Amino acid sequence: MEAELPTEYDVIVVGTGLVECIVAAASARVGKKVLHIDKNDYYGGQWASFTLRNIEQWVEEHTASHQETKNTEECALEEGEKLAPTSDPRRVYSKVKLSWHAHDEAPTASEESATKDDSGEGSSEETTTPKAETKDEAKEIKTWSQEEMMQLSRKYAEFKCITRVLTWLVNGGDEGSLLVVPCSRSDVFTTSSVSLVEKRLLMKFLEFCHSYDQQPEQLEEYADKPFVDFLKSRKLTDNITHFVTDSIAMVVGDVPCKEGLERMKLFLTSLGRYGTTPFLFSMYGCGELPQAFCRLCAVFEGTYILRRPVSSLIINSGNTCLGLVSEGQRFKCSHLVIDAAYAPQEYAAIGSSPKQPSLSRGIFIIDRSILPNEKEQLTLLRLPAKDGNPQIVTILEVGGGSGVCPKDLYCVHMTCQGYDAEEDLKIAVQRLFGCGATSQPTVLMSLYFNLVDLSACDLVSGAPTNVYLCSGPDTELDYDFAIDQAKNVFTRMFPEEEFLPRAPDPDEIVFDNAGAEPKDGDNFDSNTKMGEKDEATVNPENRTDEEKALAADEVLSSTKEGSS
Amino acid sequence: MHGRLKIKTTAEQAAEKQKEREGKRKLYLGGVTKAFEKRSSGTHDEEGLKITAQLLAANPDAATLWNFRREILLALKGDDESWEKLLTGELAMVESCLMKNHKSYGAWHHRFWVMMNFPKPPWKAELSLCDKYLKLDERNFHCWDYRRFVVLGSNQQPEDELKFSQHLIEHNLSNYSAWHYRSKLLPLVHPPPSNTPHPISEGALIKELQTVVEAVFTDPSDQSPWFFLRWLVNRQEKVPRMLQVGYVRYKGDSGLVICVFSQPVPQRAVPFIRLNGADSDETLIWYAPNDEDYSNVWVAELNLSSVEAHTISLIIDPSMTEMLNVGEGSTQAIEWVTTLEVGGEELSDTARSTLEEVKDNCVTLDELDPGNKWVLLTLVDVMWALDCHTHQKKIHSYLSQLQELDVLRNKYYADMKSKLAMETSLKQYRIVAEVGSKFELSGHSLTRITLSHLLASTASIDLSRNDLTSISPLSNLVACRKLILDDNQIQNLAPLAGLKALESLSLTHNKIQSLEQLKVLEGLSALTELNVSANPVCDLDNTGEDIRKILPHIKTLILR
């Protein structure tokens, strides 16, 4: 098949991170010829989700010393052309550390932090389930249910609602404890963590925020003042102020009032669309999202090749990219979209300055929820940078119901800004997993790493005009940045075209081979179906790349959406 | 490689839809014809089931088809095992119809029918079906009905149903159906002791109040929890009791025995009566002044010689006899049977403090959200339940606020004000007044008369300077001799037609327009004094003569 592979494309996309995938899908959607290449054997790049075994493999690859294997591939160059070698995408990672922890509860084990001996025991148990742990390499995925991401991807991916938002509340001098944040009306009604009068104050405030922009007169006075001052003017108690700033608006108290209210409004208008919190988590991990866009791209005839390294880009004398070289083969294109980590060194200053923004990530597998409940919950928790915690840490806990780990185990993701994951997340880990108190979960596995936050880098000025660099995950909860970047790249490439118009419904598509006309004279007593259309479901797993490319019918008939 | 992906235009789609619809219509009509043919030829076979199933799946509201289907089923009924199999199939079939329209009368009715025909109905599965459909539409009354039926059949405990309603309310506090269901279940699970005025036991009351107050603080604009809250705090007297007995002479030896009850009761509730220690019951003809089957007041004629003393024994029940002594020459004898207050039983300390707490919470809520009608209305209820006399001023001012806030129900609040005035002054009257003395409630803008049965034995009543239009409750004033109704809007005097003791009636400044309206008083032989001045009727020619003609007993007639 590869022998016949066409070598000329409108767009070649290198790397299957989310931004790249959205650009690929958008381009194919408007009829551009797209080639999508990734050197990995999995989709997602920095956004991928892994099984447990793949994590170990990934860790192995990323802890081995980065030897610069010089790309020595030969390729016939024409006059004025030169090769720009690609970089090792591993360059954005640092301080990767994977540990397996003692599974038995014998307190004697506490002296030595068990890192290696028990790993066999821990993993054998989990690998018995066919799809064991999945880790989201780069970021917990959460999305505002009302935002664009949902409009774009819900046809091709399944979502689950985050069922509760927690907060860490320090009361007086105590160490603090986890509480459910009352963010919807039913939460406020049932919560016992706010008093009767506070319930009213909180609800009133939430109602106000929902339509704050319609009452500008109430805001004038606070236009340039901090959000907290405004909260004080509304007579909110300290207790509610904590819930509002740290867990609903998710801001620090001194942000301008307007920004705080905007965040409140976004939160509140996203509520109740799919569930009791405004957040959604993609089933089977966030790695599903880039894949969803790949499916869309494939449906519109994008070509996919995985396990295909790209050694260099081909640049002509006018500093325009003509295409790339991969395994000695030359592919031509008018536009080249590439993961910034993968891009030639000189295109983006990555890793050159030590103080480049960076994310600290921690991924843990634990044996019970951080706040057990009768039903399995999908939990979001934001630890504010106060009471001893150095950084704002965003924490996501997912259980077996989301298809990311076996039943009764939980996977916890922590993210904050920082340069030393283990150190930055120390307080958070201490608070949630403690030092072995019986009520707290036991950590079975932990993985720390740091990742350069490419969203903060200049990705435009260094590259040729037809090479578009895409960043990896940022610290925000949502995908706004990725979508904006993808949209921006797309508009730069095709200013005249529409960005991802609505994907067609199955019955809007004409298949060449299908006998579209319904048969006449159907006897009533035959098994004529008068009800709804059949609902085909697609199992998102077990799909090989080839199948994906061929799966147009199947995918399109999948009407399974995240939730109703 | 597959071909280029083509997307249909909207015109193509519309044409296709149109064609599809045409086809469906043909199929449906063909099916209906076939089914009707079968029915008229009396053919009950499997094919009929198949056809009706398909038709009903497309249109679950076709009642005739459901009927035909039941006829076929009954015709095909075999032994228990096959019958059960057939019915199980029906359940699945009905559910597919419900998916199409989950408020289909026909489909739900069929499901009832199937379940009632089952040898061993699969109740448990039906309960989860209810859960499912109530999740889809939490106020689906078909499904609520069906759930009650299933609960009854499956012997599901009310405790579990209570939990279920709790769950629904926690999910959405606007689920009125769930609150209502709760009010039906609570008295079963937590029945109140017989001597309390609450709908449920005290412990449960406190707990429920706590929950519902949290709900109203969360969203005071939602009326569902308010209805529940008002139901909880309203006092309800469960067993009617006899309040008062009396004997009133109206003319010579003629007199009336009067029994007053706290609630309307049927005639059989009236006690037997024995005279002067006799050992057999008197045969009396009891009647209700309002001519209803149920009445607060029951009256019977009893002639007793006025020159001697009498003892009337009222046998309320075998263990309780009330004695009424009518002295020599006295015109009346009245006894209170029960000493309880007007509104029913006294509150316990716990209930009182709980209600006080609800009151304080509502006051707080009123400060936080001024102008919320439900807050005010509940305050009225709670204060009323606590003590309408002490809180009279407050309640009155809340009602005035409500009249402004909720203009559409202005009259309703005016009626409540009347009730308040009536209740408080009656309470006062009972405390200070001697039996049979004068009751006066003039100048209170009364729009409505309540609790008139408590005045059944009162001899002199003044309700002048109010806004009364209807005086029908006054038929209870069977012992009244002097009645003043000046300055009202009264037209119809019929309710006074049975007041045999009435001697003096004043009706100045009302709306009596014709002689006809006065004619209803013709049977009142004791009535000798009538004042109808400042009524339209006085402007007619020869009014005085005409009135005297129809009411010959009148000695003093005042027209101007």
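This is a predicted model: local features need pLDDT of at least 70, side-chain atom pairs count only at pLDDT 80 or more; totals for chains, interfaces and linings use all residues.
Residues are numbered from 1 along each chain as its sequence is written, and chains are lettered from A and ligands numbered from 1 in the order in which they are written.

The pLDDT score is the predictor's confidence in each residue, from 0 to 100. Chain B has a mean of 88, with 96% of its residues at 70 or more. Helices (H or I, at least four residues) and strands (E, at least two) are DSSP runs, numbered from the N terminus. For the complex, the predictor gives an ipTM of 0.76 and a pTM of 0.76.

## Chain A in brief

Chain A comes to 15 helices and 22 strands. Of its 564 residues, 55% count as buried. Contact here means heavy atoms within 4.5 Å. Take the contacts in chain A between residues at least 6 apart in sequence: 74% of them join residues at least 24 apart.

A:Gln291 is found in helix H10 (residues 288–299) of chain A, and at 16% relative accessibility it counts as buried.

## Around B:Arg111

Which residues does B:Arg111 touch? Leaving out residues up to four places away in sequence, the list is B:Leu91, B:Val94, B:Glu95, B:Leu98, B:Glu126, B:Leu129 and B:Tyr146. B:Arg111 itself lies in helix H5 (residues 105–117) of chain B.

## Aromatic rings

Rings of Phe, Tyr and Trp (its six-membered ring) pair if their centres lie within 6.5 Å; planes under 30 degrees apart count as stacked, over 60 as edge-to-face and the rest as tilted. Over all chains the count comes to 29 aromatic pairs. One of them is A:Phe490 with A:Phe494, edge-to-face at 5.6 Å centre to centre and 65° between the planes. A:Phe490 is buried at 0% relative accessibility, and A:Phe494 is buried at 9%.

In chain B, B:Trp108 and B:Tyr133 also make an edge-to-face pair, with 6.0 Å centre to centre and 85° between the planes. That pair links distant parts of the chain: B:Trp108 sits in helix H5 and B:Tyr133 in helix H6 (residues 123–136), 25 residues apart. B:Trp108 is buried at 2%, and so is B:Tyr133 at 1%. Both belong to one aromatic cluster, together with B:Phe112, B:Trp123, B:Tyr146 and B:Phe149.

## Lysines over tryptophans

A charge sits over a ring if NZ of Lys or CZ of Arg is within 6 Å of the ring centre and within 35 degrees of the ring normal. B:Lys373 lies over the face of B:Trp374, at 4.8 Å from the ring centre. B:Lys419 does likewise with B:Trp384, at 5.2 Å from the ring centre.

## Two packed helices

How do helix H2 and helix H4 of chain B pack? Helix H2 (residues 46–58) and helix H4 (residues 80–100) meet at an angle of about 25°, with their axes 8 Å apart. Axes are lines fitted to C-alpha atoms, for helices over the stretch in contact, and angles run from 0 to 180 degrees between N-to-C directions. Angles under 35 degrees count as roughly parallel, over 145 as roughly antiparallel, 65 to 115 as roughly perpendicular and the rest as oblique. H2(B) and H4(B) are therefore roughly parallel to each other.

On the H2(B) side, the residues that meet H4(B) are B:Leu49, B:Thr52, B:Ala53, B:Leu56, B:Ala57 and B:Ala58. Their partners in H4(B) are B:Leu86, B:Met93, B:Cys97 and B:Lys100.

## Positive phi in two loops

Most residues other than glycine have a negative phi. B:Asp291 has a positive phi of about 60°; it is in the loop between strand S5 (286–287) and strand S6 (295–301) of chain B, and it is exposed at 69%. B:Ala534 has a positive phi too, near 60°. B:Ala534 is in the loop between strand S14 (529–531) and helix H17 (543–550) of chain B, and counts as partly exposed at 38%.

Definitions and conventions: Side-chain values use heavy atoms; hydrogens and water are left out. Buried means under 20% relative accessible area, exposed over 50%, partly exposed in between (1.4 Å probe, protein chains only).
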